[in-house]
Amino acid sequence: MTEKVVIIRYAEIHLKGKNRGFFERVFTVNLERSLKGLRHELRRTSGRYLVENFDEARVDEICERIHNVFGVHSYSVGIKTEDTIDAIYAAAESVAPTIGTFKVESHRADKRYPMTSMQINAEIGGRLLSKFQELKVDVHHPDAFVYIDVRENGSALVFGEFCKGRGGMPVGTAGKGLLLISGGIDSPVAGYMMAKRGMTVEYLHFHSYPYTNGLAKEKVVRLAKTLSRFTGMHRLNTVSVTQIQEEIHSKCAAEYNVTLLRRFMFRIAERFAQKGGLQCLITGESLGQVASQTIEGMTSSNTVVTLPVLRPLVGFDKDEIIERSRDVGTYDISVEPYEDCCTVFLPEFPAIKPKLKDLEEEEKKLDVEGLVEKALSEREVIEF
Amino acid sequence: MIYLDNAATTRPNEQAVLRASEAVSSIWYNPSALYEGGCLARKTIDSAREKLLLFAADSSAFELIFTSCGTEADNQAIFGAAKRGNFVTTAGEHAAVYACAQELKNRGVEVRYAPLRSDGSVDCEALLNLVDGNTSLVSVIHVNNETGAINPVAELAARIKQINPRTVFHSDGVQAFGKIPVRLTKHIDLYSVSAHKIGGLKGVGALIKRKSLSLSPYLYGGGQEGGKRSGTENVLGILAFSYSADSAFHALEENAKRVSFLREKLWNSLDENIFFRLSSVSGTPYILSVSASGLKGEVLQRMLSDKGVYVGTGSACSSKRPHSRVMEACGHKKELLEGVLRLSFSAETTEEEIVEAARIINNVAARLQGRLK
């Protein structure tokens, strides 16, 4: 009886006191959801999780999916075998290196086991040394470890490598937020970062068809789909701001176009969030990145909403954001050329430090309430 | 729906589809196999090959190599023939040639671009000035796919051979074959064509090659197409290509005359206060490029699509690539570059469609103008 298993250790959950049960329940659900469609059994054992009974040819796929579940601190592919010393050695031989330095570390959950941990280490280590001539023991700074875990039910787990997970907290343990997602590089990363801290993230995308094209929208769907590996969210809400842009363009001063549009987007987003019980807005803004992302620009959009606006990238450089977006897997999609913001309405010189009073003056020329309601009423939902 | 984007692709010819679908269950054998079914497939390909070649060239001097598309034919011609010295081409080439030129530059071949005139045709004298003793290949598009301008390829080829007889001459004939008269002269070495622009199916193109020219293969493998293009042949697509070409070439003059009338009718019906004509009257009858100054072609295209008129555009609404490289090379002003619409026809296009399309295009453009005021 020998089979491959995946051992999962979780991140910060152990810090939680009386809430721990809640965190663990959500974490279990998320792990199960990530493994959907693959035959497996997921079990919680003392302080960690074990995936067993899967198709061994698909172990890489299982690891890849587990890797993307927030809350996973690390995981290892190991071998589950009988707890006889011969069976343990056979497993150890298959995970041990054949060259360099190593150390065996044993742990017994079953203290009635006839050997102590030290004796197991010595026995397995000795056998490995005589099998592989180029292997040496180094108990202080080994190149590789062989871990042996003797369990209470007559079985033992043997594993070598620790793979680092993405860390964070299980999605669903830290409230709900609405991500304003565009086709750019930043907003998907912002969504990723909030999901990493356990937030359930819903997506809202603004488009201006026919000034922007259907491919741009399809690109955002693909971004959202890529993010869904982490967030578990499989729908995208879209709202057209075409009429709003046209109204602003025809009635207001050109330099305020962008800021005025952002205020509309925030109003629409807040109303949408409140209807769906979402507790905050999330944007990919980074201080000073473009003309509308100055502190004045951010203030002018904040003043039209009461929900908190989270900007997890506010202190990041573009390079740092790009690096993260590559890691998230959205970069290559984000840089495709379909733009979701048509250049038709872009003023040559946007106001970098818009004054609130001026913006409010400009808005008096528009039926703000009517435009917001109309845009929201034409919302579309794309499920994927 | 009114379809005016026939330069992008055409509705498959009914007869061609019918013959291909009949063949689906009878000629599915591998044409390289030696049993009867295989031989039947081989014969199908060879008779299509002969027929297609005869439409454009003398079969004693030229041969036809089937490829998977026009782009592949262009790639094979260029990478097969331009290995050293310099490569002379025009600023008005389709991406299938232009991108090859860019790659050739990476591979150490000098690339020289001849400028265009405002209708998109190449400045012949300027092109000839670029050719010298080191020119290994010249490639000139026969009919410009954006403006419809026709280049005098036979004349150019002859004059190039006078300058350097060893220079290979290639022309991308994708927008010409089956639409305007094509006759390959002894100075033209390579000519690319495609099936789906004339009612054939996607997935088939061909490179017509002068027999005496030796060209290294682009794809290696099982030695199909006389070792010049390996890979199991697309028998059904090839069969459909020969039928669609048959119907295109048999009514070539008649179609061209009728389509020419439609093109002028459409142009005369468009609002002259909005649209500027980019295509010249001497270009292919099948393409009419216009520009709505101050409007974005791509936005018009989407609005027209919503109204049931499908048209092409020369521009993509992207700040990185704001307008067509070819239109820019024609020397048009920035306002014109952004508002390009390419209206392209087929033998199937009717007068009623043209009248209706003109009405819708005028309405949509006027509406967009109003919305942007």
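Does Glu225(B) count as buried or exposed, and how many C-beta neighbours lie inside 10 Å? Keep that in mind; the tour will come to it.

Before you start, note that this is a predicted model: local features need pLDDT of at least 70 and side-chain atom pairs count only at pLDDT 80 or more, while totals for chains, interfaces and linings use all residues. Residues are numbered from 1 along each chain as its sequence is written, with chains lettered from A and ligands numbered from 1 in the order in which they are written.

**Stop 1: chain A as a whole**

You are looking at 13 helices and 15 strands (DSSP runs numbered from the N terminus: H or I of at least four residues for helices, E of at least two for strands). Its radius of gyration, taken over C-alpha atoms, is 27 Å, well over the 21 Å that the globule rule gives for 384 residues, so chain A is more spread out than a compact globule. That rule is 2.2 Å times the number of residues to the power 0.38.

**Stop 2: two loops in chain A**

Go to the loop between β11 (200-207) and α6 (214-231) of chain A, where Pro210(A) lies. A cis peptide bond, with omega about 0°, joins this proline to Tyr209(A).

Next, select Asn53(A), in the loop between β3 (48-52) and α2 (59-67). Asn53(A) is not a glycine, yet its phi is positive, near 55°. This residue is partly exposed, with 13 other C-beta atoms within 10 Å.

**Stop 3: Glu225(B)**

Now move to chain B and the loop between β8 (205-210) and α7 (235-250), where you will find Glu225(B). Its phi is also positive, near 55°. Here is the reply to the opening question: Glu225(B) counts as buried, with 21 C-beta neighbours inside 10 Å. The cut-offs are 20 or more other C-beta atoms within 10 Å for buried, 12 or fewer for exposed, and partly exposed in between, with C-beta atoms placed from the backbone.

**Stop 4: a sheet in chain B**

Finish with the open sheet of 5 strands, ordered β1-β11-β12-β10-β9, whose pairing is mixed (strands pair if DSSP finds at least two bridges between them). At its edges are β1 (2-4) and β9 (275-277), each pairing on one side only. Zoom in on β1(B), which pairs with β11 (residues 309-313) in the parallel sense over 3 bridges. There, Leu4(B) stands opposite Val311(B).
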